[in-house]
Amino acid sequence: MAPPLQPLRRIQGTSGPSRRSLLAGVAALGALGAAGCSRVPTASTTDGGDLLDRLRAAGVVRLGIAGEIPFGYIDKNGELTGEAPELAKVIFKRLGVDRVQPVPTEFGSLIPGLNSQQFDVVAAGMYVNPDRCEQVIFSDPDYQMLDSFIVRKGNPLGLRNYQDVVEKKAKFATGTGYAEIAYAVEAGYKESDILIVPDQVAGLNAVEAGRVDVFAGTALTTREVVKKSSKAEVTEAFKPIVGGEPHVDGGAFAFRPTETKLRDAFNVELAKLKKSGELLRILKPFGFTEDEMTDLTAKELCGG
């Protein structure tokens with residue numbers, strides 16, 4: 001996330017702005033960005049798809065990204081990086097595809113762009129949820145994510161979860177399009193009372209200034225943003241309650257529904273990286289820890 005970490009994948013639906021609608025660094029793409037706007041060959045009708053064969057022949061795979069740190073973005077040197085692109089570089093090389101090419105878009109346009117052939121794979125750390133599973137197929141998650149709060153030093157109200165926020169009538173903030181909005185509402189917080197800010201940096205500022213008691217975000221982004229704060233701290237990560245049960249989110253790569261062969265081959269290599277511990281090595285520079293490693297499956301998160 002380098003520049004301030006900003007959370008993404010958390011919107012529950014598939015449209016609208018991302019938690020960070022940043023497209024920072026897109027201009028640095030130059031010709032690459034322009035080339036990325038062209039359409040990929042029409043999807044195969046072959047059972048299981050033949051995209052992997054076509055990618056091997058072309059030697060390049062086009063990755064849909066949303067300019068979101070640390071998940072997939074263009075750095076200050078104009079280079080593609082982030083947890084998903086770096087993982088994609090390793091896995092696709094093992095699959096016989098030597099190059100990756102970014103295709104920047106808004107987060108809400110990733111699934112439509114994938115299904116309209118604008119790129120081959122969504123590599124944006126996208127959360128897997130049942131709504132999205134009706135439109136695309138996912139690899140198994142490469143990371144899991146819990147929530148945590150930014151609060152003032154010492155956590156004077158003792159806020160540890162969304163139920164605490166409701167019971168103590170705390171002033172609550174979260175980011176534009178964040179899943180945390182729904183988590184707070186499910187706990188009983190009135191949506192019209194939530195302060196919506198652009199991102200976790202603005203959330204930290206709101207807490208430090210005393211405009212709110214708590215800002216909710218991902219465990220990864222909240223712990224990173226408070227590192228230099230003398231006035232705020234992050235709470236211990238926790239599972240929000242969804243449908244009456246503790247919930248863990250997981251981020252993964254998305255593929256067109258016809259391309260099961262590519263998705264399955266990707267999962268095989270991903271499983272090898274998990275078993276060897278190399279996955280954590282790849283993701284660690286972007287703030288991920290052992291706590292974000294997961295054995296969750298796409299099937300579980302899709303609801304079946």
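Cys302 is partly exposed, with a relative accessible area of 27%. This value, like the others here, comes from a predicted model. To count as buried, a residue must have a relative accessible area under 20%, and to count as exposed, over 50%. A disulfide is a covalent bond between the sulfur atoms of two cysteines. Cys133 belongs to helix α5 (residues 130-133) and Cys302 to helix α12 (residues 298-302), so the bond ties together parts that are 169 residues apart in sequence. A search of the whole structure finds one disulfide.

A pair of aromatic rings is described by the distance of the centres and the angle of the planes. The whole structure holds 14 aromatic pairs. In the pair of Phe253 and Phe266, the ring centres are 4.7 Å apart and the planes stand at 50°, so this pair is tilted. Elsewhere, one aromatic cluster is formed by Phe149, Tyr162, Phe172, Tyr183, Tyr189 and Phe238.

Helix α10 also contains Ala265. With a relative accessible area of 18%, Ala265 is buried. The C-alpha atom of Ala265 is separated by 7.6 Å from that of Leu95, although the two residues are 170 residues apart along the chain.

Next come the strands. Which residues of strand β11 are buried? Five of the five residues of β11 (residues 214-218) are, so the strand is largely enclosed by the rest of the structure. Strand β8 (residues 147-152) pairs with β11 in the antiparallel sense, over five bridges. Within this pairing, Ser148 stands opposite Gly217 of β11. Strand β9 (residues 172-175) pairs with β11 in the parallel sense, over two bridges. Here Phe172 has Val214 of β11 as its bridge partner. Phe172 is also a member of the aromatic cluster.

The next topic is empty space. Rolling a probe the size of a water molecule over the atoms shows where empty space is left. The largest cavity holds about 30 Å³ of space. Its lining consists of Val151, Arg152, Asn155, Pro156, Leu157, Leu159 and Asp213. Of these lining residues, four are nonpolar, one is polar and two are charged.

The last topic is the backbone. Most residues other than glycine have a negative phi, and most peptide bonds are trans. Asn155, one of the cavity-lining residues, has a positive phi, near 45°. Asn155 is placed in the loop between β8 and α6 (162-167), and at 5% relative accessibility this residue counts as buried. Lys169 has a positive phi as well, near 50°. Lys169 is placed in the loop between α6 and β9 and is exposed, with a relative accessible area of 74%. Finally, the peptide bond joining Ile69 and Pro70 is cis, with omega about 5°. Pro70 is found in the loop between β1 (60-65) and β2 (73-74).

Note on methods:
Residues numbered from 1 in each chain as written. Predicted model: local features only at pLDDT ≥ 70, side-chain atom pairs only at ≥ 80, totals over all residues. Heavy atoms only, no water. 1 Å grid on protein atoms, 1.4 Å probe; cavity = no way out; pocket = protein on both sides within 12 Å on 5 of 7 lines; lining within 4 Å. Points joined across faces, edges and corners; volume = space filled by probe spheres on them. Nonpolar A, V, L, I, M, F, W, Y, C, P; charged D, E, K, R; others polar. Buried < 20%, exposed > 50% of the residue type's maximum accessible area, 1.4 Å probe, protein only. Helix = DSSP H or I, 4+ residues; strand = E, 2+ residues; numbered from the N terminus. Pairing = 2+ DSSP bridges. Phe/Tyr/Trp six-rings, centres within 6.5 Å; stacked < 30°, edge-to-face > 60°. Disulfide = S-S within 2.5 Å.
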